[in-house]
Amino acid sequence: MNFSNLFFLYAFLPATLLLYYLIPNIHYRNAVLIFVSLIFYAWGNPTMVLLLLLVCIVNYFLGRGIGAAPGMKKGKLFLSVGLVLNIGLLFVYKYLAFFLETVNLLPKVSLPIPNIIMPLGLSFFTFRIISYLLDVYWEKVSAERSFPVFLLFVSLFPCTVAGPIVRYQTIFKCLHSRKHSREDLWYGFMRLSVGLGKKVILADQLYMVTEHYFSGSLQNLSVAEAWFALLVYTMYVYFDFSGYSDMAIGIARLFGFRFEENFRYPFVCTTISEFWQRWHISLGSFFRDYLLYVPIFGKMRIYGGLFLVWFSTGLWHGASWNYVIWGLYFGLFILLETKIGKKKMKKIPVFIRHIYTKFVIALGFGIFYFTDLSRMGVFFKCLFGLDGNGLIHEFSSVYMMNHLILVLISLLCIFPWVPFFKKKLERHTATIAVGECVCGILLLALFILSSIILVSSTNQPFLYTQF
Amino acid sequence: MENQQQELNRPQRNNVLFAIRIVFVYLFFAVLLSGAVLLLVLERPSYSQDEKRELATMPSFSLSALYKGEYTEALQYFYNDTIPYRSELKRFSDRVLSYKGFAQDDVYIDIPGDLPPIPSEEPDGTLPPVTTPGTNAEEVPAVTPSQSTEKPNVNEFSQNQGIVTYKKRAMELYWGSKASMRDYALSLNTLQTRMPELNVWSMNIPISSAYYLPPSLAGKYGDQEQDCAYIRSLLQEGVYYVDVYNVLKKHVDEDIYLRTDHHWSYLGVFYAVEEMMKQANLPVPNLSDDYVTKSKDGNLGSFYLYFDQKHLVNYPETFTWYEPKFSFDCTYYSYDTMQVVKTSQNKMFFYYSEPFYDMVNYGDSYLTHVKTSANTGRKVAVFKDSFGNALAPFLAKGFDEIWVIDLRYFKGDAYAFLAEKGVTDVLMASCMFTNAGYKSSYYKNLFVS
């Protein structure tokens, strides 16, 4: 099940909210959340819920083991077992086929490729568990004593399927006791509406434009079309994923959980390093905190750590070489910026930094889209006019104009206008009250409109559910 | 200064904001819960006329389906697919989404994936000689029921090779293959050679882009005028040619094509039949004397319903049709069994819902036989694609009997059929996409193979 779905919005969510708020006790409320989370997870493939339960049981005891002997040999052993099991699980389900396919490229090797179906949200919940085990080992948090609470942490439905990678230390207080204010409900609905709007009104429509250009052989794309398609695809990925994150944060808040932000207007960045501090923050911070300083590269620690982080970031997104190239591509620019230094970077005029970052980011998403490297090559040839298709076809502009309002609105929405106006309005009670009313009406309208559009739209699954 | 004094302090301000937010929280809850209740209690549709399909049905529960996840998926699909007022909500959302851009020079363009290749000049080639089989038409067995399980469906609409909307009129970009045109011509020539006693007619029906393309696109793709002329040049002496291209060209300022549908209008059909009847020395239909003109506003045709041209929701059109005043009987046969499925008297128009073009004789669904009181001694068999559906009401003025046969679904022996039914005329009525595209092989299969 995904969030941008009428069944979820008008059956699953209201039923869960009703059930949840009719029960006064936190323990029973947690039980309700565990119950609905397991149903949510089991929806399309019930057998996978058994795997989730097994993972929870094993890691619960490993966590307890680590917690009983943190920093000691025994704790280290439990941690090692935990890391091997979780990474092994991820490897088998997500990367084994890819690994074997790669090995088969060697001469005279022909290993059978297993057809393994990856459990939904595996990349997300294994990372959350890994962060938990490491935090317990490093004594940042205590091991969770209650199995139901640990099960709730792993299975909590707002973040199981497509993130964000919510860490135990972020929500452990909420797992045990949480207050439910009406402000939380307001905030939750607000984020839910914004996320739904981003997904249904922007991302799904941008996706159709993207497919218009990318689904064919690409041979006839003019330079202008290729860039237009790349711009649209970049915005599509942003709205799809940040829309999902908004919905996850909003839904979690409806039940009293406070998740950290996963996107902070990434396109306002002036360096690639800053972009990654604003884009998929939960993943970036995971690699920064748990992988960057792994002491396995000796004197080459900086380079080795960077390589490991960006190789892993790429590979995390999918079992395909284009994702690895994509990760390393960003790693290269971050290394470059590190070498130049923050001070020197700041001396470069802002508009040049903006052009540089948007150019690099957009090209990066060109790599991200094409799992077929030969098609990627064709596309990049079109992008730089090396295919002889010319700058623009005679009627390329017609299709672009047909979608111009969508693209302009999307462009507007990637910048932080709302916080800007909110700050302006906050000066007077009257203006902020009017602003709040307008905001409420718009959000309600957005929610209703998105729901109506869902009636006719082909249901596009969230891009990040495949990771 | 006064304003500043009137400003509320922080706790008071927070109270105001809190009150506003509470109102909206209740409103949100009201929307969610009332939505949930309404979607539960309101009657759910089972068929979508717009999409021409049965909607999902409530899945039956079984443990194995539950175990495989099929039950839950099907339940969710049923819930989402059968939302009450689906059609109305869909149109509303299409209307909203149609504002996602501008129509530069009044043009919308939808060419999926690649731009279609601009056709290179194909060599004319030569027509292979007409062959006659060892057995003549009289000796072949009588018509056999079709072995085909293929049913008229909307698959033909998935062949979107590029749609342009110009001045609120949607149309397909056209290009044709000379090899296909030769197959088409060969089919007619073969029929005429094998059954010389028949009057064989060719009606090449241009698609609307022949006349209405925006100037920026005119001449960029296939030239229907040239292709019609090419087909005509291939037809042997004795095959009659109805020059629909030039007939319709005289009426381009009238509504001879539908604006939201890929078909021609019934007025366009009338002009084409009028021309044919003149050539055939048969009574020419007269719109005002022989027909009752009816119309319905707000029509949205196939371009909107099946080709996903959402912006057309803003340009509904008036659909006009002509019901004969004279008497006739219709019989409808199943293509699968060749058994009678339905009959009607003095009624050829059904399905008064979109797409309206399909209202005549149940669209492509049945092989149709019309018996009239024309008393001219002429019987016609029309082999057609969907463009030929609308001919029957006008042909009925001059022919005693009309057989309307869809060349895509008829799998019997065409020669035996024609002989058995004693027809005097055979009319091939199909659009240029059929005659110059892969569908011309249907003609070849029927008349050459």
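In chain B, three strands make an open sheet in the order S3-S4-S5, with antiparallel pairing. Strands here are DSSP runs of E with at least two residues, helices are runs of H or I with at least four, and both are numbered from the N terminus. Two strands count as paired if DSSP finds at least two bridges between them. Strand S3 (107–110) and strand S5 (169–172) of chain B stand at the edges with a single partner strand each, so one side of each has no neighbour in the sheet. Neighbouring strands of this sheet are turned by 15 degrees against each other on average, direction ignored; axes are lines fitted to C-alpha atoms, for helices over the stretch in contact, and angles run from 0 to 180 degrees between N-to-C directions.

Strand S4 (residues 163–166) of chain B pairs with S5(B) in the antiparallel sense over four bridges. Within this pairing, Ile163(B) has Glu172(B) in S5(B) as its bridge partner.

### What the model is

This is a predicted model, in which local features need pLDDT of at least 70 and side-chain atom pairs count only at pLDDT 80 or more, while totals for chains, interfaces and linings use all residues. Residues are numbered from 1 along each chain as its sequence is written, chains are lettered from A and ligands numbered from 1 in the order in which they are written, and side-chain values use heavy atoms, with hydrogens and water left out.

### The eight-stranded sheet

Chain B also has an open sheet of eight strands, ordered S7-S6-S15-S13-S14-S12-S10-S11, and its pairing is mixed. Strand S7 (239–242) and strand S11 (340–345) of chain B are the edge strands, each with a single partner strand, so one side of each is left without a neighbour in the sheet. On average, neighbouring strands of this sheet are turned by 20 degrees against each other, direction ignored.

Strand S13 (residues 379–384) and strand S14 (residues 401–406) of chain B run parallel and are joined by six bridges; Lys384(B) stands opposite Asp406(B) in S14(B). By contrast, strand S10 (residues 328–333) of chain B runs antiparallel to S11(B), with five bridges, and Tyr333(B) has Val340(B) in S11(B) as its bridge partner. The hairpin of S10(B) and S11(B) has six residues between the strands, and Met338(B) there takes a positive phi near 60 degrees. Helix H6 (residues 178–194) of chain B lies across strand S6 (199–205), S7 and strand S15 (425–431) of chain B, at about 165 degrees to S6(B).

### Where the chains meet

The contact (heavy atoms within 4.5 Å) takes 61 residues from chain A and 59 residues from chain B. About 5,700 Å² is buried between chain A and chain B, with carbon and sulfur atoms giving 69%; buried area is the accessible area (1.4 Å probe) that two parts lose on being put together, summed over both.

### Charges and rings

How many salt bridges cross the interface of chain A and chain B? The rule, a side-chain nitrogen of Lys or Arg within 4 Å of a carboxyl oxygen of Asp or Glu, finds two there. Arg21(B) forms a salt bridge with Glu436(A), with the closest N and O atoms 2.5 Å apart.

Arg44(B) lies over the face of Tyr79(B), at 4.6 Å from the ring centre, and Lys178(B) lies over the face of Tyr230(B), at 5.2 Å. Such a charge has NZ of Lys or CZ of Arg within 6 Å of the ring centre and within 35 degrees of the ring normal.
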